[in-house]
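Thanks, everyone, for making the time this morning. I would like to walk through one model with you, going residue by residue where that helps, so please have the sequence and the structure open.

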Amino acid sequence: EEADEERLLREDVAMVPADEEADEERLLREGVAEASRRSAAEVDVEEAMPKKKKKLVLWRGSARRLVLLDPILFAKKTALVFAASYLLIPLIAEKAEMPAWIYASLLVLIHVGVLIIYLYRVRLRSLDMDRISLGARVLGLGFTTWLLFAVSGWQDREDLVKLSWQMLALCAVHTVLLALLMVAVEPAGQDR
C-alpha cells in the first residue's frame with residue numbers, strides 16, 4: 001500500500017510540470033481567444049458607427065463656400081452618365097433601321113435611367129443655405145437644361161467620330177448639371 005502511494009506521489013510530481021505546461025498553453029489559448037473576441041467586438045462597434053463622409057471644398061468666399069458633399073458618389077454618377085450617354089451612339093446610328101416605337105422606348109429608358117442617377121441620394125433641402133443660393137441653383141439648372149437641348153440639337157448623325165466628340169460636349173454639360181445637384185452652399189466658417 002505504501003509502495004502504491006509512493007508511486008502515485010511520484011507520478012503526481014512527474015505530471016505537475018506537464019500539467020502546468022498544458023494549463024499555461026490552455027490559458028494562453030483562452031487569452032488569445034478572449035483578446036480576438038474583444039478585438040472582433042471592437043471592430044463591430046467601429047463598423048456600426050456612422051462614418052463621416054469626406055467633403056471636398058471647391059471654393060471659399062468671405063461668406064459662403066461651395067462643397068461637394070460626396071466626391072466618390074459624384075465620380076460614380078458621372079461615370080454612369082457618361083456610359084449612358086455613349087450608349088446613345090449605336091442607338092442613333094441604327095435609328096433608320098429600327099421601328100420608331102423601339103427607338104423612342106430605348107431613348108426614354110436611357111433618359112429615365114439618367115434622371116434616376118441624377119436624383120439618387122440627393123437631399124435638395126440641404127444644398128442651399130438661403131434663398132439667394134437656391135435662386136442661383138434654379139437658374140443654373142434652367143441654363144444647363146437649355147444647354148442640353150441646344151447641344152443635343154447639333155448632333156451629327158452621319159459621322160460617328162464627330163458624334164462621339166459631340167457626345168463628349170453633351171457629357172460635360174451633364175456633369176455640370178450633376179454638380180448643380182450635388183454641390184452644397186454652406187456658410188464660410190462651417191467646419192468640414
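This is a predicted model: local features need pLDDT of at least 70, side-chain atom pairs count only at pLDDT 80 or more; totals for chains, interfaces and linings use all residues.

If we set aside the neighbours within four places in sequence, Glu186 is in contact with Lys55, Ala63, Arg64, Arg65, Val67, Leu69 and Met129. The side chain of Glu186 makes a polar contact of 3.0 Å with the side chain of Lys55, and Lys55, Arg65 and Glu186 are linked in a network of salt bridges. In general terms, side chains of opposite charge can pair when their charged atoms come close.

How many salt bridges are there by this rule? The count comes to five, and I will take some of them in turn.

One of them joins the side chains of Asp130 and Arg64, with an N to O distance of 3.0 Å. This pair links distant parts of the chain, since Asp130 sits in the loop between α3 (100-119) and α4 (131-153) while Arg64 belongs to strand β2, 66 residues apart. Asp130 is partly exposed, with a relative accessible area of 26%, and Arg64 is likewise described as partly exposed, with a value of 22%.

Another salt bridge is formed by Asp70 and Arg121, whose closest N and O atoms are 3.2 Å apart. Here too the pair links distant parts of the chain: Asp70 lies in the loop between β2 and α2, Arg121 lies in the loop between α3 and α4, and 51 residues separate them. Asp70 counts as buried at 14% relative accessibility, whereas Arg121 is partly exposed, with a relative accessible area of 43%.

Then there is Arg137, which forms a salt bridge with Asp128, the closest N and O atoms being 3.0 Å apart.

Let me turn now to the strands. Strand β1 and strand β2, the latter being residues 64-68, pair in the antiparallel sense over four bridges, and the two form a hairpin with three residues between them. Within this pairing, the bridge partner of Leu56 in β2 is Leu68.

Trp59 has its place in strand β1, residues 56-60, and is partly exposed, with a relative accessible area of 46%.

My last stop is in the helices. Where is Leu87 placed? Leu87 is in helix α2, residues 71-93, and at 52% relative accessibility Leu87 counts as exposed, since that word applies over 50%. Leu87 and Ile110 are 23 residues apart in sequence, and from C-alpha to C-alpha they are 8.2 Å apart in space.

Terms used: Residues are numbered from 1 along each chain as its sequence is written. Side-chain values use heavy atoms; hydrogens and water are left out. Buried means under 20% relative accessible area, exposed over 50%, partly exposed in between (1.4 Å probe, protein chains only). A polar contact is a pair of N or O atoms within 3.5 Å; within protein, one must be able to donate a hydrogen and the other to accept it, and residues adjacent in sequence count only if both atoms are side-chain atoms. Contact means heavy atoms within 4.5 Å. Two strands pair if DSSP finds at least two bridges between them. A salt bridge is a side-chain nitrogen of Lys or Arg within 4 Å of a carboxyl oxygen of Asp or Glu.
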